Every structure is written in C-alpha cells, then in structure tokens.
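Look at the chain below. Then work through the questions, one at a time.

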Amino acid sequence: MKKVSFVVMSLLISACAKDPESEAPNMPSLTDTGAVGPLMPKGNIKIEEVYYSGAVPTAGIDRYYSDQFIELMNVADAPVMVGGLIIGDAPGLAGAINPGNAPGGPYVNDPDYVYLSTAWRIPGEPEDVLLEPGESLVIAQDAATHNPYSPVNTLNADFEAYVDEFGEDFDDAIVPNLESLWYGAGYDWLVTVFGPTIIVLSPDAAEALEQTGGEYEPVRAHVSTVVDTMEALMDGDSGDFKRLHSSVDSGFIHVSGTYTGESVRRIRDENDQLVDTDDSGADFEVSSTPNPGITED
Ligand SMILES: [Ca+2]
Ligand SMILES: [Ca+2]
Ligand SMILES: [Ca+2]
C-alpha cells in the first residue's frame, strides 16, 4: 500500500459547496474543513532518513548505490500538501577525498541562498498529493528490490528519480517519477556516497530558482524557501567542507565510511517526535539498518 494519497481536494470541496442540501446535519462546514488542513510543508515535513553510503559489497559487486533513498515524514497532526515539493542535493565536496581537495568555493556557506546541483519536484499541484499525519514518503534512486546486491528494498517507494537523457536508467512502470527541475548528475541521481547535503524546498521555490551560471552550474533558492536540510560530510574532520551556512544548518553528520550500508536517521525525543534543531550533527544518528519505511503495510 502506498502511504501518499492522491486526491483532488478542490473538486471535493466544490462538489460539497454546490449541493449544500445533501450535507448531513453533523457534516463539518467548509470553514471547519479549511481549519484542519491540509497544511503547507514548511514546519511540517522533515527529513526522516537518508541512505547514501552504498551497500556493503556482496554478490561480486564492490560499489552498489542504486539503493539510495530519502525518506520524508509528516510530523504535523493534519495532512500536508506535498505536491510540488522540491528535493535536491547541494554542490561541494564532502571532505578531502583526494590529495589537494580544499574546502570553499562559490556555492558554499552562503547566509542568503542554498545551492542545488540537482533539483526534483514531486509531480502534481500541492493539494493533489497529501501526506497523512505520521506517515512518510520514500524517494528512491531506483524503485527496485536491489536483491541480491543490497538488503534495502525500495520496490514500493512512493517516487523515484528517473533520468531519461543518458538512456541508462531504469524506469519502474508502477512507481511515479519525480519531475526534473534542474539536473547536474550522471546517468542516474547518485548523491555522493561520501556524504551529501539534502535540501527540501517549498513548492513556491520552483519559480524562484535562479541559475548561477551555465547548464553545469547549480541553481540557487533563497533560504526562506527551505523546508528542511540534512548535511552529511565524509568524516568528523571534514567540518571545513560544510556546504550550508550555519544559520541554515549548524552541524553535520557522517557515517563510518563508504559502502558500509549505513544510513542517517532523525533522532526522536522522549515523545517519539523528530528532533529538529537545524543542526544535522545533533538531529541525526547513524543507523546500520536502513529502513525505507515502506515494508510495514
Ligand atoms: Ca533512477
Ligand atoms: Ca517510474
Ligand atoms: Ca531542519
């Protein structure tokens, strides 16, 4: 079962409005319906898990990463509109991966803008795609079982990144594809296995995305459009490579290495609520058992 519901809320509301006599006496009024939602993403949608490190080598494959996924959760008590939500990753190295790698550059540590090498959008108008309270949605690099190369099963992901232009990506016929707004990766949307920065932007950021240069340069969005971020770097010594300004995300998380099968998951407080202090170092922890959250039902 998919947890994301596709509804045409405006049609439902207008249908009610045109036929008020058919309402039962205890039906909520339109005003009441409006008061309980659906909500905007900002403040209500959080990154729950990012699995980027790649699978532990098995079945003769040393570097398997098609199983990468991003999981977003509705932390509000009402449905949230996620149609048009933008998900992307930031440019910049995760650390001193090769000799001579140095931190800095034009697209990091900007207090006013976040930069995206690649930006995807969940298809549909905002109110057409609703995420129910406490539910999550999974975005897969490839919707697949990944058997036998990985124990991470994303066959039932809610969306997948499909790259048409290089002719090498796999398009699952069932799982809907994200819409491409800006693309700066290769044959598929591989986020760096050394530690990516994942950025979620509100739907209204689509019109506000600005090019920073040519077609191989990132786009940028004002920080006011940021819904949530997760910043990961290569290791604990890689802090100089932070991509996000401290006012957007003041820390970073890292897994123990590439191809470890580890993900980073949101820490929960004593009330089982996702912690968000805009410090990825404090808000996320490493998990050795990535869980795309789509197996329970
Ligand atoms: Ca893909
Ligand atoms: Ca597909
Ligand atoms: Ca945050």
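Two strands pair if DSSP finds at least two bridges between them. Helices (H or I, at least four residues) and strands (E, at least two) are DSSP runs, numbered from the N terminus. This is a predicted model: local features need pLDDT of at least 70, side-chain atom pairs count only at pLDDT 80 or more, and totals for chains, interfaces and linings use all residues. Residues are numbered from 1 along each chain as its sequence is written, while chains are lettered from A and ligands numbered from 1 in the order in which they are written.

Q: How many bridges join strand 3 to strand 9?
A: Strand 3 covers residues 69-74 and runs antiparallel to strand 9. Within this pairing, Glu71 has Val138 of strand 9 as its bridge partner. The number of bridges joining the two strands is five.

Q: In which sense do strand 9 and strand 10 pair?
A: Strand 10 is formed by residues 159-160. Ile139 stands opposite Phe159 in strand 10. Two bridges link strand 9 and strand 10, and the sense is parallel.

Q: How many of the residues of strand 9 are buried?
A: A residue is buried if 20 or more other C-beta atoms lie within 10 Å of its own, exposed if 12 or fewer, and partly exposed in between; C-beta atoms are placed from the backbone. In a regular strand the side chains alternate between the two faces of the sheet. In strand 9, Ser136, Val138 and Ala140 point one way, Leu137 and Ile139 the other, and all are buried. For strand 9 (residues 136-140), the count is five of five.

Q: Which residues have the most contacts inside the largest nonpolar core?
A: A nonpolar core is a set of buried Ala, Val, Leu, Ile, Met, Phe, Trp, Tyr and Cys residues joined through C-beta atoms within 7 Å. Two residues are in contact if their C-beta atoms, placed from the backbone, lie within 7 Å. Leaving aside neighbours within four places in sequence, Ile139 is in contact with residues including Phe69, Ile87 and Leu178. The largest core has 72 residues, and those with the most contacts inside it are Val82, Val114, Ile139 and Val200.

Q: Which strands stand at the edges of the open sheet of five strands?
A: The order in this sheet is 11-7-5-12-15, with antiparallel pairing.

Q: Which residue in strand 11 stands opposite Ala119?
A: Strand 7 (residues 118-121) and strand 11 run antiparallel. Three bridges join them. Opposite Ala119 stands Trp182.

Q: Which two residues does a cis peptide bond join?
A: Most residues other than glycine have a negative phi, and most peptide bonds are trans. The loop between strand 9 and strand 10 holds Pro148 and also His146, whose phi is positive, near 65 degrees. The cis bond has an omega of about 5 degrees and joins Asn147 and Pro148.

Q: Why does Arg266 count as buried?
A: Arg266 is in strand 16 (residues 263-266). Its contacts beyond four places in sequence include Lys46, Leu274 and Phe284. Arg266 counts as buried because its C-beta neighbours inside 10 Å number 22.
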